[in-house]
Amino acid sequence: MTLNRRTILGLAIGSLIASVFPAAAETFPERTITLVVPFAAGGSTDLVSRLVAASMSKTLGQQVIVENVGGAGGNLGAGQVARAEPDGYTILMGTVATHALNPLMLKTKPYDPIEDFAPVSLLVLVPNVLVVNPQLPVNNVKELIQLLKDNPDKYSYASSGNGTPLHLSGELFKSMAGVTMEHIPYKGSGPALNDVIGNQVPIMFDNLPSSSGHIKAGTLKALGVTTKERAPSFPDLPTVAEAVPGYETYTWNAFFAPAGTPPEVVARLNEAAKAALADPEVIARMKDFSATIVGSTPDELASHVKAEIQKWEPVVKSTGVTLD
């Protein structure tokens, strides 16, 4: 058998990692861990990250700090972690955007969602929600559709960025409902929400956790959740599918480390993540968000990512969304 240079180099690096990391893995972590959130502060991914990071810090005996690296629909933060030292001290809060949608839509791919990461754990599944500024003269999805049809090209909708699940939620809605809206991308859900509340942009698809407080306060009007079934935290809120049959989108949050991170370190991070998800305070907050707790193994997350890519590929093709 003839080995090429890449194979030989890979074997050499693997042997080096195996010889250098075992001792470090046994004492991991010995310093602060940075959890990169690839979106701005204030959004759903940020909220889930801070909850889980705080609980993990107790289990690990070291601080897990959140660093928001927003921009490019999550690609900047994800790319930063993909290039980080594979020692477990820099990890990513990945989403369906960073590991399924963006890789399908980007013409130039800054990272490989499978080859460049070591899966740690699928944490939660999160519903999305269609919200509007209270001044918009609609009270349900059917009225919004009629308003958009009566006023083509007049209205716009905000999202957390190009290529994000919220962007695709809007494009899928436009396609299935037969309406037009201009897409206004932001660097995260937080800034987008601020402009919708301020009525700079009247409509938004958001993750339910980051919008729930504003819905309850009356600063946003919720028209429908994007999952097949109604959200437990808002049982009286219809689904978008009740007005647009077959419509469904949602997001998820998962931990990823850089590829090459020692299995012992990945296992320790997985253990701490599962412990956080079993924390009563975290469980209570996730229930408020209508988020479904998962807490998977690394292998289960790897299978989930592959399945999500397969699921979203025909949707991306049908909507025609591409990113430079």
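Which strand gives the most to the lining of the largest pocket? That element is strand E4 (residues 117-132), with 3 residues, and the points below start from there.

The model is predicted, so that local features need pLDDT of at least 70 and side-chain atom pairs count only at pLDDT 80 or more, while totals for chains, interfaces and linings use all residues. Residues are numbered from 1 along each chain as its sequence is written, and side-chain values use heavy atoms, with hydrogens and water left out.

1. Strand E4 and its neighbours. Helices (H or I, at least four residues) and strands (E, at least two) are DSSP runs numbered from the N terminus, and two strands pair if DSSP finds at least two bridges between them. E4 pairs with strand E9 (residues 250-258) in the antiparallel sense over 9 bridges, and the bridge partner of Phe117 in E9 is Pro258. Antiparallel pairing also joins E4 to E7 through 5 bridges, where Asn128 has Asn207 as its bridge partner. To strand E8 (residues 221-225) E4 is joined by 4 bridges, again antiparallel, with Leu130 opposite Gly224. Finally, 2 bridges connect E4 with strand E10 (residues 292-293), also antiparallel, and here Val124 stands opposite Ile293.

2. Burial of E4. Of the 16 residues of E4, 14 are buried, so the strand is largely enclosed by the rest of the structure; buried means under 20% relative accessible area, exposed over 50%, and partly exposed in between, for a 1.4 Å probe and protein chains only.

3. Pocket and cavity. On a 1 Å grid over the protein atoms alone, a cavity is a set of points where a 1.4 Å probe fits but cannot get out, whereas a pocket is an open set with protein on both sides within 12 Å along at least five of seven lines, and lining residues have an atom within 4 Å of a point. Grid points are joined across faces, edges and corners, and a volume is the space filled by probe spheres set on the points. The largest pocket has a volume of about 230 Å³; it is lined by 13 residues, of which Leu125, Pro127, Thr227, Ser290 and Thr292 are the closest to its centre. The structure also holds 1 cavity of 30 Å³ or more, and the largest cavity contains about 120 Å³ of space. Among the 14 residues that line this largest cavity, Phe39, Thr45, Ser160, Leu166 and Asn207 are the closest to its centre. Helix H2 (44-60) and H6 are the elements that give two or more residues to that lining, and H2 gives the most, with 3 residues.

4. Crossover from E5 to E6. Strand E5 (residues 156-159) and strand E6 (residues 182-185) pair in the parallel sense over 4 bridges, and Ser159 has Pro185 in E6 as its bridge partner. The chain passes from E5 through H6 to E6 in a right-handed β-α-β crossover, a term that applies if, with the strands pointing away from the viewer, the path from the first strand over the helix to the second runs clockwise.

5. Aromatic contacts. Rings of Phe, Tyr and Trp (its six-membered ring) pair if their centres lie within 6.5 Å, and planes under 30 degrees apart count as stacked, over 60 as edge-to-face and the rest as tilted. A search of the whole structure finds 6 aromatic pairs. One of them is the tilted pair of Phe173 and Phe205, at 5.6 Å centre to centre and 55 degrees between the planes. Phe173 lies in helix H6 (residues 165-177) and Phe205 in strand E7 (residues 203-207), so the pair ties together parts that are 32 residues apart in sequence. Phe173 is buried at a relative accessible area of 0%, and Phe205 is buried at 0% as well. Ring pairs link Tyr157, Phe173, Phe205 and Tyr247 into a cluster.

6. Backbone points to check. Most residues other than glycine have a negative phi, and most peptide bonds are trans. The peptide bond from Phe28 to Pro29 is cis, with omega near -5 degrees, and Pro29 is placed in the loop between helix H1 (5-27) and strand E1 (33-37). Asp153, although not a glycine, has a positive phi of about 65 degrees; this residue is found in the loop between helix H5 (141-150) and E5 and is exposed, with a relative accessible area of 64%.
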